[in-house]
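Subject: Structure handover

Hello,

The structure we talked about is below. My notes on what turned up follow it.

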Amino acid sequence: QRSFDLVFDDDLPVTVSLHPNGTDVAIDVWCYDAAKLAGAPRTAVVDTLLLLNQTVRSGQPFAIGLDSRDFVVVHARQAMNQLQGLAMGAWLTWLVDQARRVRALIRTLSFESGRLTYALTASSPGEA
């Protein structure tokens, strides 16, 4: 078996896999189903995730993506030889915490808990 699945108590599914190179472990945390988002909220969420992804790539190695089913995924990979002892659990915990933060951000951006709406408009150069 090259992978196994976990589900955390807040319905956060996680897949832990052995990377095809045989030396790295990859973790995917499926943190939000974005299929229900449309229009301006979807644009805001996707644009924000792309900006976060760009920022994150320069620091702690993980990426945020949208899979073919419209699930937002937080993904990371690390060499297996760096995951000795408690390192694997600490890394997994850290990554799940990041996924929870991404999920909370998406819920805020999409006004999931309220009835507010907004529209994004393009501004002309020089407008503030």
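A nonpolar core here is a set of buried Ala, Val, Leu, Ile, Met, Phe, Trp, Tyr and Cys residues joined through side-chain atoms within 4.5 Å. Buried means under 20% relative accessible area, exposed over 50%, and partly exposed in between, with a 1.4 Å probe and protein chains only.

Before the findings, the basis: this is a predicted model, in which local features need pLDDT of at least 70 and side-chain atom pairs count only at pLDDT 80 or more, while totals for chains, interfaces and linings use all residues. Residues are numbered from 1 along each chain as its sequence is written, and side-chain values use heavy atoms, with hydrogens and water left out.

Overall layout. The protein chain has two helices and five strands, in the order β-β-β-α-β-β-α along the sequence. Helices (H or I, at least four residues) and strands (E, at least two) are DSSP runs, numbered from the N terminus. Of its 128 residues, 33% count as buried. The chain exposes about 8,200 Å², with carbon and sulfur atoms supplying 55% of that; areas come from the Shrake-Rupley method with a 1.4 Å probe, and for residues only the protein chains shown count as cover. Taking contact as heavy atoms within 4.5 Å, 60% of the contacts between residues at least 6 apart in sequence join residues at least 24 apart.

The core. The largest nonpolar core has 25 residues, and I27, V29, V72, V74, V102 and I106 have the most contacts inside it. Two or more residues each come from β2 (12-18), β3 (24-33), α1 (39-56), β5 (71-79) and α2 (87-109). The largest share, seven residues, is from α2. Beyond neighbours within four places in sequence, V74 is in contact with I27, D28, V29, C31, F62, A63, I64, L95, A99 and V102.

Q78, in strand β5, is buried because its relative accessible area is 18%. Setting aside neighbours within four places in sequence, Q78 is in contact with T23, D24, V25, L83 and W91. Q54 lies in helix α1 and counts as exposed because its relative accessibility is 59%. From Q54 to I64 is 10 residues in sequence and 9.2 Å in space, C-alpha to C-alpha.

Rings. The charged end of R69 sits over the ring of W30, 5.1 Å from its centre; the criterion is NZ of Lys or CZ of Arg within 6 Å of the ring centre and within 35 degrees of the ring normal.

Regards
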